[in-house]
Amino acid sequence: PDGEPSRVGTSYPDAAAGVSAAFAITSALRHVKRTGRGQWIDLGQTLTAAALTDTAVIEYTVNGTIQQRNGDAHRFFAPHNVYPCRGEDQWCAVSVENDAEFAALAAAMGQPALAQDAGYASNAARIQNRESLDERISAWTEQFDHYDVMRRLQAVGVAAGAVLSTGEFVTDEHVRARGFMERFDHTVVGDKLYPGVPFKMSETPGYIHRPAPMLGADTEYIFKTLLNMSDEEIQQLDDEGILV
């Protein structure tokens with residue numbers, strides 16, 4: 001929270017704009033089906049990024065407050081943070097939203113009395129004393145592997161998730177069970193894993209149909225099958241240097 005502004009690891013506006021554009025196109029196609037008229041879609045990438053800022057904009061327009069950096073702390077819940085685990089740069093995110101969940105967390109830590117401690121017995125008290133509470137939780141999480149912490153807490157109904165490196169994500173048991181990573185043999189890069197479709201549909205389950213095509217691989221298919229162009233028309237484009 002006290003660091004200089006920095007870029008996050010992923011260009012979220014790029015992905016957000018793509019998803020927003022897909023939704024806008026789908027909406028426009030629905031309009032076409034109802035009215036027979038198309039639409040011009042004007043999508044601002046900056047605005048799609050603003051839509052990801054959660055309550056920051058509303059916090060300002062309603063209360064006139066500009067939110068400050070607060071790390072992984074939550075304004076309304078405590079404990080809510082990412083805690084160090086055994087090993088180098090290993091972490092687990094933990095989120096507690098009510099007293100029952102905190103009692104479960106305290107019991108899992110082997111410190112059930114914490115749930116009765118006046119300094120932590122209520123959410124308001126935990127927010128007030130979040131720093132000392134985080135120190136207690138960190139002292140416990142540091143004893144275990146990040147996956148171990150996650151499983152221990154999930155088993156008792158506490159929201160927890162191991163913070164995964166990219167390599168850990170690709171080989172993660174849950175990711176594998178979901179069938180998210182798909183394997184393809186590409187002409188250039190060889191046999192590799194690729195991120196797949198993040199959602200599952202009961203009737204039309206999504207999957208990657210093939211690797212990315214080589215440059216010009218689909219030219220003939222597009223011109224002949226989709227555009228119904230003749231060999232002479234295609235040859236003319238080729239003669240004019242338009243085709244690759």
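Strand E2 (residues 91–95) is joined to E3 by five bridges, and the two strands run antiparallel. Strands are said to pair if DSSP finds at least two bridges between them. Across this pairing, Cys92 stands opposite Ala162 in E3. Both strands belong to an open sheet of three strands, in the order E1-E2-E3, with antiparallel pairing. Its edge strands are strand E1 (80–84) and strand E3 (159–163), each of which pairs on one side only. From one strand to the next, the twist averages 20 degrees. The angles are taken between N-to-C directions and run from 0 to 180 degrees, with axes as lines fitted to C-alpha atoms. In a regular strand, side chains alternate between the two faces of the sheet.

The model is predicted: local features need pLDDT of at least 70, side-chain atom pairs count only at pLDDT 80 or more, and totals for chains, interfaces and linings use all residues. Residues are numbered from 1 along each chain as its sequence is written, and side-chain values use heavy atoms, with hydrogens and water left out.

E4 and E5 form a hairpin, with three residues between them. Phe184 has Lys192 in E5 as its bridge partner.

The protein chain holds eleven helices and five strands. These elements are DSSP runs numbered from the N terminus (helices, H or I, at least four residues; strands, E, at least two). The chain is more spread out than a compact globule, because its radius of gyration is 26 Å, well over the 18 Å that the globule rule gives for 244 residues. The radius is taken over C-alpha atoms, and the rule is 2.2 Å times the number of residues to the power 0.38. Along its principal axes, the C-alpha trace spans about 85 × 45 × 40 Å. Of the 244 residues, 23% count as buried. Buried means under 20% relative accessible area, exposed over 50%, and partly exposed in between (1.4 Å probe, protein chains only).

Glu135 is placed in helix H6 (residues 130–141). Glu135 counts as exposed, because its relative accessibility is 58%. The C-alpha atoms of Glu135 and Gly206 are separated by 44 Å, and the two residues are 71 apart along the chain.

The structure holds seven salt bridges. Each is a side-chain nitrogen of Lys or Arg within 4 Å of a carboxyl oxygen of Asp or Glu. Glu59 forms one with Arg75, the closest N and O atoms being 3.1 Å apart. This pair links distant parts of the chain: Glu59 lies in helix H3 (residues 56–63), Arg75 in the loop between H3 and E1, 16 residues apart. Glu59 counts as buried at 13% relative accessibility. Arg75 counts as partly exposed at 39%.

Arg210 and Asp218 also meet in a salt bridge (2.6 Å, N to O). Arg210 is partly exposed, at 45% relative accessibility. The side chains of Lys224 and Asp231 meet at 3.0 Å, N to O. Lys224 is partly exposed, with a relative accessible area of 35%. Asp231 is partly exposed too, at 48%. Glu220, Lys224 and Asp231 are linked in a network of salt bridges.
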